[in-house]
Amino acid sequence: MHYFSQLFHYEHPWSHVVIGMWHKYPNPHCTHVQTIDVLDRSVDPQTGIIRTERVLGCKQKAPGWIVKFFGGSEDAFVREISFVNPATQEATITSVNLSLSQFATCYENIRYSPTTDGRTMFHQTAEIQARMALWRSAADKLENWLVQRFEQNAHLGKVGFTDVLRRLWEAKQQQLS
């Protein structure tokens, strides 16, 4: 099993970042995310917590050995569940791959929370595990490739989301002027 973790701050208040969450895709930095389908959205009447379940459709160029060994295609799907709690100003997103999950799983957790200086803390973790105990060397290769791909996509996600937030709030400022 391999792990990935990063922590940084967005230079926007929590409320802006949460609004931006719904505008993150598509963006020119994360072209691998092709589709976003909302399966369910509900608001708990007691707590006000908003729960959203989505499926993201991605296109990833996989190395030839992975396609040859596991089959499949460039199309991949990810299930994402988010909870936005306006009372505590906490937003969490969990996701797991649906495609090729019989061979490897990637569990991702994201948390957005406000800081005392008006920014938003972003904490992301991922747990990546190949499910091929008999072929440990192939499993290690697959996990290493998945971690590298996850890190690349996480970097693109950060750059893309920063750009989305900047564009959203520049447009809002122009409307107010």
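This is a predicted model: local features need pLDDT of at least 70, side-chain atom pairs count only at pLDDT 80 or more; totals for chains, interfaces and linings use all residues.
Residues are numbered from 1 along each chain as its sequence is written, and side-chain values use heavy atoms, with hydrogens and water left out.

View 1. Helices (H or I, at least four residues) and strands (E, at least two) are DSSP runs, numbered from the N terminus. Along the sequence they come in the order β-α-β-β-α-β-β-β-β-α. The C-alpha atoms fill a box of roughly 60 × 35 × 30 Å along the principal axes. Of the 177 residues, 38% are buried (under 20% relative accessible area; exposed is over 50%, partly exposed in between; 1.4 Å probe, protein chains only).

**View 2. Glu-11 and Arg-119, a salt bridge between distant parts of the chain.** A salt bridge here is a side-chain nitrogen of Lys or Arg within 4 Å of a carboxyl oxygen of Asp or Glu, and the count by this rule is 11. In this one, the N to O distance is 3.2 Å. Glu-11 sits in the loop between strand 1 (2–10) and helix 1 (14–21), while Arg-119 sits in the loop between strand 6 (104–114) and strand 7 (120–130), 108 residues apart. Glu-11 counts as exposed because its relative accessibility is 56%; Arg-119, at 24%, is partly exposed.

**View 3. Arg-166 and its salt bridges to Asp-163 and Glu-170.** The Asp-163 pair comes in at 2.3 Å, N to O, and the Glu-170 pair at 3.1 Å, N to O. Asp-163 and Arg-166 both belong to helix 3 (residues 136–176), 3 residues apart, about one turn of the helix. Glu-170 and Arg-166 are 4 residues apart in helix 3, so about one helical turn separates them. As for cover, Asp-163 is buried at 16% relative accessible area, Arg-166 is partly exposed at 38%, and Glu-170 is partly exposed at 42%.

**View 4. A salt-bridge network of Asp-40, Arg-51, Glu-53 and Arg-79.** Salt bridges link these residues in a network.
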